[in-house]
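I opened this entry to keep track of what I looked up, item by item.

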Amino acid sequence: MTIKIFDICRKGTHVLGPGNRYIIWVQGCKQYCPYCITPESWALDKGIDLESEDIAADIVLTKGIDGITISGGEPFLQAEALASLLKKVKLHRPEITVIIYTGYSYSELKTIKGAKDLIESSDIIIDGKYIDSLNDNKGIKGSINQKIISISNRLDAYIPEMESGIRKQQYIVNSDGTYSSIGVPLKNQNH
């Protein structure tokens, strides 16, 4: 299955969940949250088309990866393809944990085609639209209305830190010499 990708961080990062995490930003979002940190990922007709099998193989073969964090864009617009990707990864690397950010509320996810399989392939879902006035500069959520929902209990020990810990960001140099920031920025840093 094809997945529209905005960007991927293959080297891993420690700023979007516990351990060293492979990050996938999908392309396409219909939430249009004011002050979104990646509005470039909104367009449904942009991005790079990659096969879920190829991304899964890359994750499986990447040494030192403890988990996957999927953000966007809106991952649940591509729920079936992402669920397929995660099932392939977990066949070979069942220890890898999965965190997914979504602008939908958890109750809304139940109405989205393919969402059930993607939820079941996850360990944590961080739900809800980003609301700038509710940004408390803590943890890996953008704003306090968002909830960290444990699906598997495998990451429950990390939830207090994810809720209220110090925000971290990582800056990387892209192949074209530009810089990118990974992580949830402090309020007023993203506008």
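**Largest pocket**

I looked up the lining of the largest pocket: 40 residues form it, and Cys36, Ile37, Thr38, Ser71 and Gly72 lie nearest its centre. I note here that the model is predicted. The volume of this pocket comes out at about 820 Å³.

Which elements supply the lining? I find at least two residues each from S1, strand S8 (170-173) and strand S9 (179-182). S9 gives the largest share, four residues.

I then sorted the lining by class. The tally is 19 nonpolar, 17 polar and four charged residues.

**Helix H2**

I checked the length of helix H2 (residues 79-92) next. Its 14 residues should span 20 Å at 1.5 Å a residue, and I get 21 Å between the end C-alpha atoms, so the two agree.

Which residues of H2 are buried? My list reads Ala79, Ala81, Leu82, Ala83, Ser84, Leu85, Leu86 and Val89. I keep one rule in mind for reading such a list: an α-helix has 3.6 residues a turn, so residues three or four places apart point the same way.

**Asp123**

I moved on to Asp123, which sits in the loop between H4 and strand S6 (124-127). Is Asp123 buried or exposed? Its relative accessibility is 2%, and the cut-off for buried is under 20%, so I count Asp123 as buried.

I searched for a polar partner of its side chain. The side chain of Asp123 makes a polar contact of 2.5 Å with the side chain of Ser152.

Leaving out residues up to four places away in sequence, I list the residues that Asp123 touches. Among them are Lys90, Ile96, Thr97 and Val98, and also Ile149, Ser150, Ile151, Ser152, Arg154 and Leu155.

**Asp49**

My last stop was Asp49, in strand S3 (residues 48-51).

What does Asp49 touch beyond residues up to four places away in sequence? I find Thr2, Ile3 and Lys4. Asp49 and Thr2 are 47 residues apart in sequence, yet I get 6.1 Å from C-alpha to C-alpha.

How values were computed. Residues are numbered from 1 along each chain as its sequence is written. This is a predicted model: local features need pLDDT of at least 70, side-chain atom pairs count only at pLDDT 80 or more; totals for chains, interfaces and linings use all residues. Side-chain values use heavy atoms; hydrogens and water are left out. Contact means heavy atoms within 4.5 Å. The expected span of a helix is 1.5 Å times one less than its number of residues. Buried means under 20% relative accessible area, exposed over 50%, partly exposed in between (1.4 Å probe, protein chains only). On a 1 Å grid over the protein atoms alone, a cavity is a set of points where a 1.4 Å probe fits but cannot get out, and a pocket is an open set with protein on both sides within 12 Å along at least five of seven lines; lining residues have an atom within 4 Å of a point. Grid points are joined across faces, edges and corners, and a volume is the space filled by probe spheres set on the points. Ala, Val, Leu, Ile, Met, Phe, Trp, Tyr, Cys and Pro count as nonpolar, Asp, Glu, Lys and Arg as charged, and the others, Gly among them, as polar. A polar contact is a pair of N or O atoms within 3.5 Å; within protein, one must be able to donate a hydrogen and the other to accept it, and residues adjacent in sequence count only if both atoms are side-chain atoms.
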